[in-house]
Amino acid sequence: MPEQSPTPKKRRRGRLFRFSAAFVVLLAVAGYLVVQYVTGGRGGPGCKVVSGKDDGQEFEFSQEQTMNAATIAAVGTGRGMPERAVTIALATAIQESQLVNITHGDRDSLGLFQQRPSQGWGTEKQIMDPTYAANVFYEHLAKVSDYKKLPLTVAAQRVQRSGYPEAYAKHEPDATLLSAALTGQSAATLTCQGLPDTTQTATGPDAVRAALVRDFGREVLKETGAEVTGGSTSKGTSASKKKTKTASTPSPSASATGGSSTVTLPVRSGSTRTGWQLAHWAVANSSALHIDRVSYAGREWAAGSADDPWHSTGTKAAGGVRIVTEQPTGQ
């Protein structure tokens with residue numbers, strides 16, 4: 001018996017099935033692209049920043065992006081730049097690189113801000129250093145007359161000279177949320193999963209101190225007249241007590257208990273904003289530095305507790321920011 005041709009009804013069903021399958025594939029691809037956009041193309045534990053005004057605004061991104069954003073904010077603070085400058089810098093980096101330190105771009109553009117060695121921004125090695133890249137961005141921004149009063153896209157364009165100057169404006173809301181958290185203007189608004197990055201080997205108090213200097217500059221470690229007790233280093237050795245001269249910025253101290261070490265960053269009375277900047281900075285760096293807990297002003301963040309971020313400790317602990325790091329196995 002000859003094979004019968006498909007009926008019109010069956011042909012319609014076949015087309016409908018193929019169309020549905022193609023639509024599902026398209027949705028999967030779109031979802032993948034969204035994830036790549038949000039995370040900067042890298043996997044890993046995620047972070048979230050929310051508005052301090054309880055207006056429902058939030059921004060989600062990867063731990064890598066968070067760490068780069070924290071560096072940009074810390075460099076701005078270290079240079080004495082206002083929060084508006086940090087917002088401009090963050091919006092620029094979101095547009096240029098999605099806050100990922102990429103090794104490619106248009107022509108010879110590189111890094112967080114897509115700066116070009118051929119245009120005098122520095123060597124390739126310098127531009128690929130997030131701290132250097134942020135510093136040189138702020139250096140150019142500071143030369144823009146009245147940048148604090150200019151629309152963000154205008155101020156950013158006068159530094160970047162981009163072919164798409166209007167693109168910076170769309171990132172202002174997210175950059176504003178990030179800037180408020182990472183400059184300490186908004187308290188307890190940044191949280192991350194904080195799962196340890198197993199590729200990182202430099203952890204413990206020494207690594208925390210080094211990262212602080214890297215981002216904020218040496219001023220952040222200026223010592224006070226208080227007695228500072230050095231605790232466990234990343235190698236588990238013990239440091240001695242020492243008297244220091246009075247200066248304007250608190251000094252971190254460290255102590256070790258069991259399998260963890262605690263770094264305490266003193267915060268002067270009335271400097272709550274500084275305290276929250278340091279606390280949020282620690283959360284942003286939690287994965288790389290294997291930071292397990294951060295506490296400040298009666299609130300505590302713990303790694304892996306994204307569903308219960310910055311919970312109350314039940315105390316009104318004053319003093320400073322406490323950063324508890326895991327002690328790596330074998331150290």
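Me: Which residues does Thr131 touch, not counting residues up to four places away in sequence?

Reply: Contact means heavy atoms within 4.5 Å. By that criterion, Thr131 touches Thr71, Val75, Arg214 and Asp215, with residues up to four places away in sequence not counted. This is a predicted model, in which local features need pLDDT of at least 70 and side-chain atom pairs count only at pLDDT 80 or more, while totals for chains, interfaces and linings use all residues. Residues are numbered from 1 along each chain as its sequence is written, and side-chain values use heavy atoms, with hydrogens and water left out.

Me: Is Thr131 buried or exposed?

Reply: Buried means under 20% relative accessible area, exposed over 50%, and partly exposed in between (1.4 Å probe, protein chains only). Thr131 has a relative accessible area of 12% and is therefore buried. Thr131 is found in helix 5 (residues 130-141); helices (H or I, at least four residues) and strands (E, at least two) are DSSP runs, numbered from the N terminus.

Me: In what order do the three strands form the open sheet?

Reply: Two strands pair if DSSP finds at least two bridges between them. Here the order is 2-1-3, and the pairing is antiparallel. Strand 2 (58-62) and strand 3 (190-192) stand at the edges with a single partner strand each, so one side of each is left without a neighbour in the sheet.

Me: How many bridges join strand 1 to strand 2?

Reply: Five bridges join strand 1 (residues 46-50) to strand 2. In strand 2, Ser62 is the bridge partner of Gly46.
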